[in-house]
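Here are my notes on the model, in numbered points. Have the viewer open while you go through them.

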Amino acid sequence: MQSARFRTPAAAAGRRAPPPGARTPRRPRCAAAPRPEAQTQQQRLEVERVSSSQGSRKAVSQAFVKLLGLTTAPKREVAAEEIEAAPYRPYSPPLSDLEVRQKRPYFRGRSWTDTDVARLIFYSAMTGTSVVLGPLTYSPQALELMLAGYVISGGLGISLSYHRQLSHKSFRCPKPLEYFFAYCGALAFEGDPIEWAKGHTWHHKHSDTPADRHSPRDGLWHSHWGWVLDESYADSRRDPKSGSCKDDLAAPWFFVESPGFYTWLRDTYMMHMLGQAVAFAALGGLPGFVWGFCIRVLFTQNMTWLVNSAVHVWGDQPWATGDSSRNNALVAALVFGDGWHANHHAFPSSAAHGLEPWQVDPSYALIRGMEAAGLAWDVKRPTQEQMERLRRRHEP
Ligand SMILES: [Zn+2]
Ligand SMILES: [Zn+2]
């Protein structure tokens, strides 16, 4: 497919070269070059496929549910009227001024798609294994393995690569390093880079509006873990003009630049997930599997989800961003600096999330180190003027 995409129109149509002496018809200049619109169309189709299927994760979910013989409901559009009619009262969580109103039943009285069911079983098994076998297999080495895995998959992978580089293009680095960091991100089991970056970019475009898939305005549990378990509802959150996240077919920049690597990672994603579980078990036995895989994956994902839930509820709002993003020092300490989330919503393309000297930001420190070593460039930061323009003024 890759080679077909870059074949000339004549070659693609199977035409032969004209005989000697024949008058060659005039062609527009650069006719042999790949047509940008054709490439764009191909990329749109590629991204549409992953948008609708979520890559190999969806296929594995379907196969798993079928294997167990479970009955599931098809994904459906949850109508805006149904969401508005939800019988839940609005309230503000302690220490927050945010108004929260659950919009959909979390567990009982709702439909479950094959993806929802597969994920519920997966997370139940992972949590059960962690709670029961975690204490029994604990050792300082097992904890160190879990924390090292968290730094690699959550720090280098999610914070540095998936979030700051791939979703926001806040810095550039050599391609082998970009691929290495992206692979670290894949190990967090939060989806392939295309799926993650598309979902996250959508969140920035529609933060805390009815199109946001994980706003705490729609329920605290929903913003943290619930949206992962309710495909119909999350995908029904839509904007009157741009539709739902799944309607956004724009190809992410890194996919346009390096379609080979990111297509490969997307298509083989579940093999890497299964592979890492087997590798931890083979190399570390039961403690390696429990702490290196189960507990580390659950911990990493919950840390990521704190950035969707807690830091849109608790913390300071120094910028006029128009959404409910906050700066939260505790979450920032847990997630390598990404808890300076109000800063990040104010200046999404900034590689630095901590903008004050006291706002500790380990991911940015690493980017600065790479920049000093000549391994990172185009490192973006907001200017003083941009910051002054967006600073929230307090009335005297
Ligand atoms: Zn972001
Ligand atoms: Zn956010």
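1. Some conventions to begin with. Helices (H or I, at least four residues) and strands (E, at least two) are DSSP runs, numbered from the N terminus. On that basis the chain comes to 18 helices and 2 strands. This is a predicted model, so local features need pLDDT of at least 70 and side-chain atom pairs count only at pLDDT 80 or more, while totals for chains, interfaces and linings use all residues. Residues are numbered from 1 along each chain as its sequence is written, and chains are lettered from A and ligands numbered from 1 in the order in which they are written.

2. Burial and contacts overall. A residue is buried if 20 or more other C-beta atoms lie within 10 Å of its own, exposed if 12 or fewer, and partly exposed in between, with C-beta atoms placed from the backbone. By that count, 39% of the 396 residues are buried. Two residues are in contact if their C-beta atoms, again placed from the backbone, lie within 7 Å. Of the contacts with a separation of 6 or more, 70% are between residues 24 or more positions apart.

3. The annotated span. The unreviewed UniProt entry marks residues 277-299 as "transmembrane region". UniProt positions are given in the numbering used here, feature names are shortened, and annotations may be inferred rather than shown by experiment. In the model the span is 100% helix and 0% strand, with its end C-alpha atoms 15 Å apart.

4. α7 against α14. Helix α14 (residues 269-308) packs with α7 (140-167) at an angle of about 40°, the axes being 8 Å apart. Axes here are lines fitted to C-alpha atoms, for helices over the stretch in contact, and angles run from 0 to 180 degrees between N-to-C directions. The two helices are therefore oblique to each other; angles under 35 degrees count as roughly parallel, over 145 as roughly antiparallel, 65 to 115 as roughly perpendicular and the rest as oblique.

5. α7 against α9. Helix α9 (residues 193-205) packs with α7 at an angle of about 65°, and here the axes are 10 Å apart. This crossing is also right-handed. Tyr 162, His 163, Leu 166 and Ser 167 of α7 make the contact with Pro 193, Trp 196, Ala 197, His 200 and Thr 201 of α9. Asp 192 sits in the loop between α8 (175-186) and α9. Asp 192 is buried because 26 other C-beta atoms lie within 10 Å. Its C-alpha atom is 9.1 Å from that of Tyr 162, 30 residues apart along the chain.

6. α17. Which residues of helix α17 are buried? They are Ser 363, Tyr 364 and Ile 367, in a helix covering residues 362-372. These residues are on the same side of α17 because they cover an arc of only 95° around the axis, the arc being that of the directions from the helix axis to the C-beta atoms. The buried residues pack against α7. Gly 369 and Ala 372, on the other side of α17, are exposed. After the helix comes Gly 374, with a positive phi near 80°.

7. Glu 231. This residue is in helix α11 (residues 231-236). Buried or exposed? Glu 231 counts as buried because it has 21 C-beta neighbours inside 10 Å. Leaving out residues up to four places away in sequence, Glu 231 touches Lys 75, Thr 113, Thr 115 and Asp 116. The C-alpha atoms of Glu 231 and Thr 115 are separated by 7.2 Å, and the two are 116 residues apart along the chain.

8. Two backbone angles to look at. Most residues other than glycine have a negative phi. Leu 95, not a glycine, has a positive phi of about 65°. Leu 95 lies in the loop between α5 (80-84) and α6 (114-136) and is exposed, with 8 other C-beta atoms within 10 Å. Lys 169, also not a glycine, has a positive phi of about 50°. Lys 169 is in the loop between α7 and α8 and is partly exposed, with 17 other C-beta atoms within 10 Å.

Conventions:
Left-handed = near helix turned anticlockwise from the far one by under 90°.
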